[in-house]
Amino acid sequence: MTSVTEQDLGGLVVDWGGVLTASLDGAMAAWTIQDRVNYEHFRDVMRDWVRGQATVGSSAAGVGRPAGPVPSEPTAARAVGGRRSAPRHGGGQPGEGLPGGGEPGEGGGGEPGEGPVAEVEEADDAGPAGASPVHRLERGELSVAEFETTLAEELARRGSPVRAEGLLGRMLGGLAQLEDDMVGLVRRARAAGVRTALLSNSWGDDYPEQLWDGMFDTLVISGRVGMRKPEPEIFRYTCAQLGLPPSACVMVDDLPHNVAGAVAVGMVGVLHTRYETTAEELEILFGASLR
């Protein structure tokens, strides 16, 4: 761990899905049970979009381009904590092959970088992945309806027909409940004088902002600003919104690629795996009691 004095740091930037909520991949796993989607079909769609191997999709989706190598993760020199694990694979029935071998609704493995959503999120924003429906949705270049139609078509092609209308809402339903301990941590940091920001890659724009009253100094939602993590510009933009240089800000995210992107612009990175370790690391970094 790099030593950082409390005088260096004054800003806390946190992710939404997987940090302030349960795991995004866990929510997706629960959705596959609800909509009777084969989990491996969903994983295959996400992988094909990253690699440019999808063979069906509307022109709006930007898929079907030649495949390319998936870039490796950059080194996070100032990152704190966490580790990356290999994706796991599973069976063939709806809901089988859930990350970490969990039961329906349990939420998945809990390791950073695991599962189909983590795979597409961690793909570099260039080439086939940059033109994928997920990355275009997150930058606000693809509407929710277009994304839902494209995903439903791809799932149906693999043998998992699903209703397109309202698909994103059902997929993200497991994120409706915020993690009270992490919410409290952010609120206590702000009460201690730390400037706080939410930085989220958005799958649509349906956030429970009424639950965040008094929690953040600024909100940065990827689809609203036309940028997405881990693009360096979105980290710099968020720090500027806080009135601080990147070197004075800490980024808390559950995906190693996003932590590495924050570190690359000069932020301190904390890879979130669970509340206790994140709280301990932030207390050390900010030199304040936050629990």
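## Aromatic pairs

Let's start with the rings: Trp16, Tyr207, Trp212 and Phe216 are linked into a cluster by ring pairs. Rings of Phe, Tyr and Trp (its six-membered ring) pair if their centres lie within 6.5 Å, and planes under 30 degrees apart count as stacked, over 60 as edge-to-face and the rest as tilted. By this rule there are six aromatic pairs. This is a predicted model, in which local features need pLDDT of at least 70 and side-chain atom pairs count only at pLDDT 80 or more, while totals for chains, interfaces and linings use all residues. Residues are numbered from 1 along each chain as its sequence is written, and side-chain values use heavy atoms, with hydrogens and water left out.

One of the pairs joins tryptophan 31 and phenylalanine 42, edge-to-face at 5.2 Å centre to centre with 80° between the planes. Tryptophan 31 sits in helix 1 (residues 24-34) and phenylalanine 42 in helix 2 (residues 39-51), eleven residues apart; helices (H or I, at least four residues) and strands (E, at least two) are DSSP runs, numbered from the N terminus. Phenylalanine 147 and tryptophan 203 have ring centres 5.7 Å apart and planes at 65°, so this pair is edge-to-face too. Here the link runs from helix 6 (residues 144-157) to the loop between strand 3 (195-200) and strand 4 (218-221), 56 residues apart. Phenylalanine 147 and tryptophan 203 are both buried, where buried means under 20% relative accessible area, exposed over 50% and partly exposed in between (1.4 Å probe, protein chains only).

## The nonpolar cores

Tryptophan 203 turns up again in the largest nonpolar core, which has 57 residues; Trp203, Val250 and Leu282 have the most contacts inside it. Such a core is a set of buried Ala, Val, Leu, Ile, Met, Phe, Trp, Tyr and Cys residues joined through side-chain atoms within 4.5 Å. Apart from it lies another core of 16 residues, including Met227 and Ile234.

Helix 11 (residues 256-264) is largely enclosed by the rest of the structure, because eight of its nine residues are buried. Just after helix 11, glycine 266 takes a positive phi of about 110°.

In helix 8, Asp181, Met182, Leu185 and Arg188 meet Tyr275, Thr278, Ala279 and Leu282 in helix 12, with contact meaning heavy atoms within 4.5 Å.
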